Amino acid sequence: MKALILVGGFGTRLRPLTLSVPKPLVEFANKPMILHQIEALKAVGVTEVVLAINYQPEVMLTFLKEFETKVGIKITCSQETEPMGTAGPLALARDKLIDGSGEPFFVLNSDVISEYPFKEMIEFHKAHGGEASIMVTKVDEPSKYGVVVMEETTGQVDKFVEKPKLFVGNKINAGIYLLNPSVLDRIELRPTSIEKEVFPKIAAEKKLYAMVLPGFWMDIGQPRDYITGLRLYLDSLRKKASTKLATGPHIVGNVLVHESAKIGEGCLIGPDVAIGPGCVVEAGVRLSRCTVMRGVRIKKHACISSSIIGWHSTVGQWARVENMTILGEDVHVCDEIYSNGGVVLPHKEIKSSILKPEIVM
């Protein structure tokens, strides 16, 4: 089987992190976002992953070559010269996806994190005999999304309603599809949307089916959702493989600590924290709801909550970093500084406090 991952553009919503690496390579729970997907695909027998990409393909490829051997899966790129939307890339990668076997292929949005129930999806797809399957997830506020109206028992999709004013349902497209090769015949080679142009036509022919995603789902393409996604992911990890989570008197709730990280005396870490490789957390530090990326040093008695600390940054003694502060790569926050929602570009030194959310160039 094959799979196409829609990587797309510049990752502007996750800047300043994406100023250093392409978005799919930004770590989530100590592993590049896209690797979570690739490993789950490999586990259900996918042998080749095609990345649809229009930005920095060299960086992506160099990096993924090393994963090809590690994960044992073929990874290739299909490069767009102009943004092609969500369906155009399928037409562009047509020759890579069609191998004459007639087997369906997966299509994934690279920002989506979930438990990836691909095995169940394959069974669902074979059972209904339609042309395409999509995953849907239940949300509390469907008015912000495109809602999928479907037949509850069979999962047959009736129609899509974009940002409904009146309640039509609470299931939204989760960005995970399993498609028969014949779907490619419906897509022209031009910028086009699979959700707005392709799926409604298949639904009109009663050949589109939706499966409700079990477990959690999050689009982690922006900082607030990335932090929420980490909480959901660690919750799920607690249920499935709790031995991977840290334990000890200084740990509260779900915490992931890389084995090479060092944590000092008298710290309080958690809940919902990921600490990357080579990090040094000095004595008396308080961390909650945050991600600390590779090579970061957090000095004594600093306090960090609801924030992302980019690679090789330092946070000074008694500093307080909170409220969706995002530090890019190699940012240095001086001692006793307060950051309230500062978004700091790479290679900066912060010598005075950031009292309200702002971008520091």
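Which elements each supply at least two residues of the lining of the second largest pocket? They are strand S3 (31-32), helix H1 (33-43), helix H2 (57-72), strand S7 (112-114), helix H5 (118-128), H7 and strand S14 (255-257). Helices (H or I, at least four residues) and strands (E, at least two) are DSSP runs, numbered from the N terminus. The structure is a predicted model, in which local features need pLDDT of at least 70 and side-chain atom pairs count only at pLDDT 80 or more, while totals for chains, interfaces and linings use all residues. Residues are numbered from 1 along each chain as its sequence is written, and side-chain values use heavy atoms, with hydrogens and water left out.

The protein is divided into domain 1 (2-219) and domain 2 (244-360), with bounds that come from an automatic or database domain assignment. Taken over C-alpha atoms, the centres of domain 1 and domain 2 are separated by 33 Å. Ten residues of domain 1 are in contact with 19 residues of domain 2, where contact means heavy atoms within 4.5 Å.

The pockets come next. On a 1 Å grid over the protein atoms alone, a pocket is an open set of points where a 1.4 Å probe fits, with protein on both sides within 12 Å along at least five of seven lines; lining residues have an atom within 4 Å of a point. Grid points are joined across faces, edges and corners, and a volume is the space filled by probe spheres set on the points. The second largest pocket has a volume of about 800 Å³. Its lining numbers 34 residues, and Lys31, His36, Glu39, Tyr233 and Lys244 lie nearest its centre. H1 provides the largest share of this lining, five residues. Both domain 1 and domain 2 contribute, with at least three residues from each.

The largest pocket has a volume of about 1400 Å³. Of its 48 lining residues, Asn109, Tyr145, Asn173, Trp217 and Asp219 lie nearest the centre. Among the elements that give two or more residues to this lining are strand S1 (2-8), strand S11 (171-179) and helix H6 (194-204). S11 gives the most, with five residues.

A nonpolar core is a set of buried Ala, Val, Leu, Ile, Met, Phe, Trp, Tyr and Cys residues joined through side-chain atoms within 4.5 Å; buried means under 20% relative accessible area, exposed over 50%, and partly exposed in between (1.4 Å probe, protein chains only).

Threonine 192 sits in the loop between S11 and H6 and, at 6% relative accessibility, counts as buried. Beyond its neighbours within four places in sequence, threonine 192 is in contact with Met84, Gly85, Thr86, Ala87, Gly88, Ile187 and Glu197. Leucine 61 lies in helix H2 and counts as partly exposed, at 26% relative accessibility. Ten residues separate leucine 61 from leucine 51 in sequence, and their C-alpha atoms are 9.5 Å apart in space.
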